[in-house]
Amino acid sequence: MNGIVFDIKRYAVHDGPGIRTTIFLKGCPLRCWWCHNPESFSQQIEEFSQCNKLAEKSIETRVKIGKEYAVSQLIKEIEKDQLFFDESGGGVTFSGGEPLLQIDFLDAMLKECRLMDLHTVVDTSGFAPKKHFERIIDSVNLFLFDVKHMDDGEHQKLTGVSNKQILENLKYLIEKGKKLMIRYPMIPGFNDSKENILKMMEFLADWTSQLEIHILPYHRIGRDKYARFHKENRMPDIPSLQEEDARWAKELFEKAGFTVNIGG
Ligand code: SF4
């Protein structure tokens, strides 16, 4: 069983508890305007030409994005960080792209991790058939689950897909008593209205005490990748949000009884 990985981040501290190794699986069915990993869009291994300036000369180089791994090969990469997991209560996070797009590989990796008694996190957009979540639910310790917009029309405009399946999957995981953190990427002028946040709170109202919400303020990191990887950038040139800009939203969630953090 092989999968396509476009990055491996070691010593990650924002992708779940403790120190983690985050595996970025290639491929995503969404096209969020603010995405800072546009190289993850296609599930295929891609090659790009890039122009680098060296002294007076321009040198063209080829960059390959994505590498094929067998399950056993990727497990060997993960095992290198076992000491950090043990010391910090960390583990492995599968991110993307959308990791559930490579469901067979993800499922096989999660099962191997469970055999090794590793803590597992899946960072998902939620956009996948419910049967994919049913398949992996028992092999995942924690889901990081994005909620981007409650209005379906706006969601389709800003991400390219409907939010219906996403919200159904979210409800399914919560009702199964799964541990999850809601991640709300707060994008100024796009989904940061009080109305959108109130709708989110209304949807989650039955589960305030069991949910943790993480507000992720918009940042411009990764914008240069659109030119580098020859992708269309639809995001207007707006400044990053600072933590204090997101504080009013945090207070709104907290008043309704949620536990809230700003940041990953
Ligand atoms: S779901 Fe994540 S990886 Fe996919 S386009 Fe949106 S921000 Fe990018």
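Strand S10 (residues 212–217) and strand S11 run parallel, joined by four bridges. The model is predicted. The points below cover the sheet, a helix across it, a surface patch and some backbone details.

**The sheet**

- Nine strands make up an open sheet with mixed pairing. Their order is S5-S1-S2-S6-S7-S8-S9-S10-S11.
- Strand S5 (67–70) and strand S11 (259–262) stand at the edges. Each has a single partner strand, so one side of each has no neighbour in the sheet.
- On average, neighbouring strands of this sheet are turned by 30° against each other, direction ignored.

**A helix across the strands**

- Which strands does helix H9 (residues 247–255) lie across? They are strand S9 (180–186), S10 and S11.
- Helix H9 runs at about 170° to S11.

**A nonpolar surface patch**

- Tyr 11, Leu 83 and Phe 84 form a nonpolar patch on the surface. Together they have about 330 Å² of accessible area.
- Phe 84 sits in helix H2 (residues 82–88).

**Backbone details in loops**

- Most residues other than glycine have a negative phi, and most peptide bonds are trans. The next points depart from that pattern.
- The peptide bond from Gly 96 to Gly 97 is cis, with omega near 15°. Gly 97 lies in the loop between strand S6 (91–95) and helix H3 (103–115).
- Asp 117 is not a glycine, yet has a positive phi of about 65°. Its place is the loop between H3 and strand S7 (119–124).
- Is Asp 117 buried or exposed? Asp 117 counts as exposed because its relative accessibility is 70%, and the cut-off for exposed is over 50%.
- His 230 also has a positive phi, of about 55°, although it is not a glycine. The loop between helix H8 (224–228) and H9 holds His 230.
- His 230 counts as exposed too, because its relative accessibility is 51% and exposed means over 50%.

Technical notes: Residues numbered from 1 in each chain as written. Predicted model: local features only at pLDDT ≥ 70, side-chain atom pairs only at ≥ 80, totals over all residues. Heavy atoms only, no water. Patch = residues over 30% accessible without salt bridge, like charges linked within 9 Å, V, L, I, M, F, W, Y side chains within 5 Å. Areas by Shrake-Rupley, 256 points an atom, 1.4 Å probe, with all protein chains shown as cover. Salt bridge = Lys/Arg side-chain N within 4 Å of Asp/Glu carboxyl O. Helix = DSSP H or I, 4+ residues; strand = E, 2+ residues; numbered from the N terminus. Pairing = 2+ DSSP bridges. Axes fitted to C-alpha atoms, helices over the stretch in contact; angles between N-to-C directions. Contact = heavy atoms within 4.5 Å. Buried < 20%, exposed > 50% of the residue type's maximum accessible area, 1.4 Å probe, protein only.
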